[in-house]
Amino acid sequence: MDDSDAGVEQIAPVWTVFGDLMSGLLGAFVLILIGVLGVQLELATHLESEVQKRKQEEQRRMALEKALAIPITAGRVSLNDGRIGISGSVLFLFNSAQLQPEGRLLLKSLVAPLRVYLGERNELLMVSGFTDDVPIHEGSTRFADNWELSAQRALTVTRALIDEGMPSSLLFAAAFGAEQPVASNADDHGRSRNRRVEMAPVPRSASPGTPAGG
C-alpha cells in the first residue's frame with residue numbers, strides 16, 4: 001500500500017465522524033424547532049381561547065345590561081361583573097326577612113327580563129343573601145346568627161320571584177352571612193352596603209346537584 005492510500009484511510013474516518021456529528025446537530029435543531037413551534041402554537045391557541053372567553057363575557061354583560069336597562073337607569077339595582085345587586089334596605093327592614101312592598105314590586109319588575117335572559121342562554125339564577133358583621137342580638141328568637149338571616153332573606157327573594165312568575169327550575173338560593181363584604185364594616189354606610197341580596201346568572205354546571213328526598 002502506498003502513502004496516498006494510507007492518507008485516504010486516515011481522512012475517511014474523520015469525515016465519517018464529522019458527518020455523524022452534523023447529522024446529530026441537525027436532528028437536535030429540528031427537534032428544538034418543532035418544540036418551539038409547538039409551544040408557540042399552544043400559546044396562540046390559549047390566547048385565542050382567552051380572547052373568545054372575554055368576548056363572550058362582554059356579550060353576556062351587555063345583554064344583561066340591556067335586559068335590566070330600566071331598573072339600572074332608575075338606580076333601583078346595580079350591576080357589577082354580572083351580579084345584580086339590591087340594597088337590603090329596599091327589600092327588608094333591619095334584621096328582618098319579611099319582604100317590603102317596595103321590594104316585592106322591584107322583584108316583580110325583574111322577572112320578565114331575567115326569565116328571557118336565562119332562557120336564551122340556558123342558565124340559572126343564583127340568589128345570594130349577605131349581611132354586615134354586626135352579630136345578631138343575643139336572645140333573638142328569629143335568627144341564630146347572620147348566616148341564618150342571610151339564608152332566610154335569600155329564600156324570601158327566591159320565593160317572591162317564583163310567586164311573580166319565575167320558574168322554580170331556574171332558581172337556587174345561597175347564603176354568605178357576613179362573608180364577602182363589598183364595603184368596610186367600620187361605619188354605618190359601609191354596613192348598609194353589605195346588607196344586600198345579589199342575583200347572578202350562572203351556567204347550569206355551577207348549580208348544586210338536586211338533593212335526594214324532600
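Is Glu-120 buried or exposed? At 60% relative accessibility, Glu-120 counts as exposed (over 50% relative accessible area; buried is under 20%, and partly exposed lies in between; 1.4 Å probe, protein chains only). The model is predicted, so local features need pLDDT of at least 70 and side-chain atom pairs count only at pLDDT 80 or more, while totals for chains, interfaces and linings use all residues. Residues are numbered from 1 along each chain as its sequence is written, and side-chain values use heavy atoms, with hydrogens and water left out.

**View A. Salt bridge between Glu-120 and Arg-121.** The two side chains meet at 3.2 Å, N to O; a salt bridge is a side-chain nitrogen of Lys or Arg within 4 Å of a carboxyl oxygen of Asp or Glu. Arg-121 is partly exposed, its relative accessible area being 29%. The whole structure contains six salt bridges.

**View B. Packing of helices α4 and α5.** Helix α4 spans residues 101–121 and helix α5 residues 146–163; helices (H or I, at least four residues) and strands (E, at least two) are DSSP runs, numbered from the N terminus. The angle between the helices is about 55° and their axes are 9 Å apart, where axes are lines fitted to C-alpha atoms over the stretch in contact and angles run from 0 to 180 degrees between N-to-C directions. The two helices are therefore oblique to each other, a class left after angles under 35 degrees (roughly parallel), over 145 (roughly antiparallel) and 65 to 115 (roughly perpendicular).

**View C. Residues in the contact of α4 with α5.** Helix α4 contributes Arg-104, Leu-107 and Val-111, and helix α5 contributes Val-157, Ala-160, Leu-161 and Asp-163; contact means heavy atoms within 4.5 Å. By class, five of these residues are nonpolar, none is polar and two are charged.

**View D. Salt bridge between Arg-104 and Glu-164.** The closest N and O atoms of this pair are 3.6 Å apart. Arg-104 lies in helix α4 and Glu-164 in the loop between α5 and β4 (171–175), so the pair links distant parts of the chain, 60 residues apart. Arg-104 is partly exposed at 33% relative accessibility, and Glu-164 is partly exposed at 25%.

**View E. Salt bridge between Glu-198 and Arg-83.** The side chains meet at 3.3 Å, N to O. Glu-198 belongs to strand β5 (residues 196–203) and Arg-83 to strand β2 (residues 83–87), 115 residues apart. Glu-198 is buried at 10% relative accessibility, whereas Arg-83 is partly exposed at 31%.

Conventions
Nonpolar A, V, L, I, M, F, W, Y, C, P; charged D, E, K, R; others polar.
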